[in-house]
Protein chains: 2
Amino acid sequence: MRRLRPEPLTPEAFAPFGTVIEADPASAIGINAGFTTRFHALAEVEVEGGAPILSIFRGRPRPLVIDMLERHPSGTQAFVPLGGRPWLAVCAQAPGAPLRAFLARGDQGAQYARGAWHFPLLTLAAQDFLVVDRAAPERNVELADLAEPAQVALDG
Amino acid sequence: MRRLRPEPLTPEAFAPFGTVIEADPASAIGINAGFTTRFHALAEVEVEGGAPILSIFRGRPRPLVIDMLERHPSGTQAFVPLGGRPWLAVCAQAPGAPLRAFLARGDQGAQYARGAWHFPLLTLAAQDFLVVDRAAPERNVELADLAEPAQVALDG
């Protein structure tokens, strides 16, 4: 099986697939009489024909075999870890195109752009994530099996 | 100064002011080949005339003196702790009405309903929060000073 080496999650590297959610000093504003720093508008939620909702995903470690991808054509989907543990975002421009794996620190979330192909939640330790996506009666997911699965190689 | 004793944050008690965001077993769905449990649609984000955005609030402990309230007339505002530490949500039906303080566990978030009067972020230990609210060019906050401030009494 092909081996897929993760790269660090940075806003620049992840840009083709979405937005990194992290405490970016460039976005810092002091509020609440100085007791709070607001890192403002790190990501904009986009939903078409539905309502944005907040859910919790309780993730468990799973084999790091990337054998399919999915995407949500009608809205963004954000994942923010609540346990402070690292996790992986795996994406591709299209099924069959080169896969990219991003190793996120425990203080980094990511929002997949509308329609961005990605693997489901891959956490390196059991933890909860806050998820911001879209609720609507109709289906908002497309799935694609990969002819050539890949194994994420954390040890390089 | 009046003393305000916190009560536990529960969906029922908090209902007049908004929605509790926690892993409610009644909302659990198994997804991702069984490796993820989705606690679905715990809160619905509401924004009028603007876009929903994700921000990080870095909160520091501050004196627990409730001397003002604020509200956001054009949208909901959700706070989810990223550090797993307890925090307080303080609300009232209106400025001058009885204050209520809710002690949230570190695995509980809360979304203030549109227009709900609340005190700004009160965390009991320094930690970050994911905040989901509304961005728009016009102002979306009303402030009210309280004639009779209250002191939250954590020790009962």
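**Entry 1: strands across the chains**

I started with strand β6 (residues 51-59) of chain A, which pairs with β5(B) in the antiparallel sense over 6 bridges. I took strands as DSSP runs (E, at least two residues), numbered from the N terminus. Two strands count as paired if DSSP finds at least two bridges between them. I looked up two partners in β5(B). Arg58(A) has Thr37(B) as its bridge partner there. Ile53(A) has Glu44(B).

A note on what I am reading: this is a predicted model, in which local features need pLDDT of at least 70 and side-chain atom pairs count only at pLDDT 80 or more, while totals for chains, interfaces and linings use all residues. Residues are numbered from 1 along each chain as its sequence is written, chains are lettered from A and ligands numbered from 1 in the order in which they are written, and side-chain values use heavy atoms, with hydrogens and water left out.

**Entry 2: β5(B) within its own chain**

Next I followed β5(B) inside chain B. Strand β4 (residues 28-31) of chain B runs antiparallel to β5(B), joined by 4 bridges. Ala28(B) stands opposite Phe39(B) of β5(B). The two strands form a hairpin with 4 residues between them. In that turn, Asn32(B) has a positive phi of about 55 degrees.

**Entry 3: the interface**

How many residues of chain B are in contact with chain A? I found 42 residues of chain B in contact with 42 residues of chain A, contact meaning heavy atoms within 4.5 Å. The chains bury about 3,600 Å² between them, 61% of it on carbon and sulfur atoms. Buried area here is the accessible area (1.4 Å probe) that two parts lose on being put together, summed over both. Phe35(B), Leu54(B) and Ile56(B) supply 20% of the area that chain B buries against chain A, more than any other three residues.

Arg38(A) and Asp133(B) meet in a salt bridge at 2.9 Å, N to O. On the side of chain B that touches chain A, the elements giving two or more residues are β5 (36-44), β6 (51-59), β8 (77-81) and β14 (127-135).

**Entry 4: symmetry**

A rotation of 180 degrees with 0.0 Å of shift along its axis does it, with RMSD 0.0 Å. The two copies are therefore related as by a two-fold rotation axis. The same surface serves both: 100% of the contact residues of chain B recur in chain A.

**Entry 5: salt bridges overall**

I searched the whole structure and found 18 salt bridges over all chains. Arg114(A) and Glu48(A) form a salt bridge, their closest N and O atoms 2.2 Å apart. This pair links distant parts of the chain, 66 residues apart.

Methods:
Salt bridge = Lys/Arg side-chain N within 4 Å of Asp/Glu carboxyl O. Least-squares fit on C-alpha atoms with pLDDT ≥ 70 in both.
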